[in-house]
Amino acid sequence: MINEKTITDLIYQEAELLDTMQWQEWLDLFHPEGRYWMPLEWQQQDPVLQPSLMYEDLLLLKVRVERLSGERTFSQKPKSRCHHLLQAPRIVACDPAAGVFKARTSYIYTETRGDLLERYSGWASHEFVEVGDTLKIKLKRVDLVNFDAPFGNIQLFM
């Protein structure tokens with residue numbers, strides 16, 4: 001039975017997979033129609049008709065993972081690393097009968113490569129869908145506190 005602990009555990013598992021660069025296992029958490037969205041505007045509602053920092057389906061996520069994993073990706077020498085510091089996820093919806101599972105998590109994200117260290121703060125909103133007896137990510141929305149600041153290249157996933 002899927003409950004609030006199931007949702008919370010999945011969010012912590014996702015962060016651990018990203019922090020340990022287990023890219024394929026992270027991709028496996030996504031539903032085939034899953035999306036990863038980083039809005040460009042505060043309280044942005046539409047990822048298609050409004051510009052976004054990122055709006056990627058599973059195919060684009062796979063392409064990014066292949067680039068990150070590639071031995072000939074010279075822009076990743078040395079490889080980028082990251083760390084997610086998560087606040088306890090807040091369950092927004094957990095209704096197995098309706099198939100609705102949503103959570104919102106505040107975080108501080110650190111990404112480093114060589115001697116460059118960058119920090120981002122924000123909120124990750126997850127929408128999950130039940131597939132068999134497990135949950136898959138249907139949408140991961142990453143809202144940055146400083147969404148309107150100029151950014152360098154964000155190499156990994158928040």
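**Entry 1: the core**

A nonpolar core is a set of buried Ala, Val, Leu, Ile, Met, Phe, Trp, Tyr and Cys residues joined through side-chain atoms within 4.5 Å. I note at the outset that the model under study is predicted. I looked up the largest nonpolar core and found that it has 35 residues. Those with the most contacts inside this core are Trp-26, Tyr-36, Met-38, Phe-128, Leu-144, Phe-157 and Met-158. I then recorded where the core residues come from: helix 1 (4–19), helix 2 (23–27), helix 3 (58–69), strand 1 (30–39), strand 5 (100–113), strand 6 (116–131) and strand 7 (134–144) each supply at least two. Helix 1 gives the most, namely five residues.

**Entry 2: Tyr-36**

I next examined the surroundings of Tyr-36. Setting aside neighbours within four places in sequence, I listed its contacts, among them Trp-26, Phe-30, Leu-61, Val-142, Phe-157 and Met-158. Lys-140 is also in contact with Tyr-36, and Lys-140 is the bridge partner of Tyr-36 in strand 7.

**Entry 3: strand 7 and its partners**

I asked how many of the eleven residues of strand 7 are buried. The count is eight, and the strand is mostly covered. Strand 7 pairs with strand 1 in the parallel sense, over four bridges. Strand 6 and strand 7 run antiparallel and are joined by ten bridges. On the strand 7 side, Arg-141 stands opposite Ser-125. The hairpin of strand 6 and strand 7 has two residues between the strands, and Gly-132 in this hairpin takes a positive phi near 65°.

**Entry 4: salt bridges**

I searched the whole structure for salt bridges and found five. In one of them, Lys-140 is joined to Glu-14, with the closest N and O atoms 3.0 Å apart. This pair links distant parts of the chain, since Lys-140 is in strand 7 and Glu-14 is in helix 1, 126 residues apart. Are these two residues buried or exposed? Lys-140 counts as buried because its relative accessibility is 3%, and Glu-14 counts as buried because its value is 2%.

I also noted a salt bridge between Lys-138 and Glu-33, where the closest N and O atoms are 3.1 Å apart. Here too distant parts of the chain are linked: Lys-138 lies in strand 7 and Glu-33 in strand 1, 105 residues apart. Lys-138 has 29% relative accessibility and therefore counts as partly exposed. A further salt bridge joins Asp-143 to Arg-141, with the closest N and O atoms 2.7 Å apart. Both Asp-143 and Arg-141 are buried.

**Entry 5: positive phi values**

I turned to backbone angles. Most residues other than glycine have a negative phi. Met-21 has a positive phi, near 55°, and lies in the loop between helix 1 and helix 2. With a relative accessible area of 33%, Met-21 is partly exposed. Gln-43 likewise has a positive phi near 55°; Gln-43 lies in the loop between strand 1 and strand 2. Gln-43 counts as exposed because its relative accessibility is 55%, and exposed means over 50%.

**Entry 6: a surface patch**

Finally, I looked for nonpolar residues on the surface. Val-48, Leu-49 and Tyr-55 form a nonpolar patch there, with about 340 Å² of accessible area together. Leu-49 is in the loop between strand 1 and strand 2 (52–57). Why does Leu-49 count as exposed? Leu-49 does so because its relative accessibility is 73%.

Note on methods. Residues numbered from 1 in each chain as written. Predicted model: local features only at pLDDT ≥ 70, side-chain atom pairs only at ≥ 80, totals over all residues. Heavy atoms only, no water. Buried < 20%, exposed > 50% of the residue type's maximum accessible area, 1.4 Å probe, protein only. Contact = heavy atoms within 4.5 Å. Patch = residues over 30% accessible without salt bridge, like charges linked within 9 Å, V, L, I, M, F, W, Y side chains within 5 Å. Areas by Shrake-Rupley, 256 points an atom, 1.4 Å probe, with all protein chains shown as cover. Salt bridge = Lys/Arg side-chain N within 4 Å of Asp/Glu carboxyl O. Pairing = 2+ DSSP bridges.
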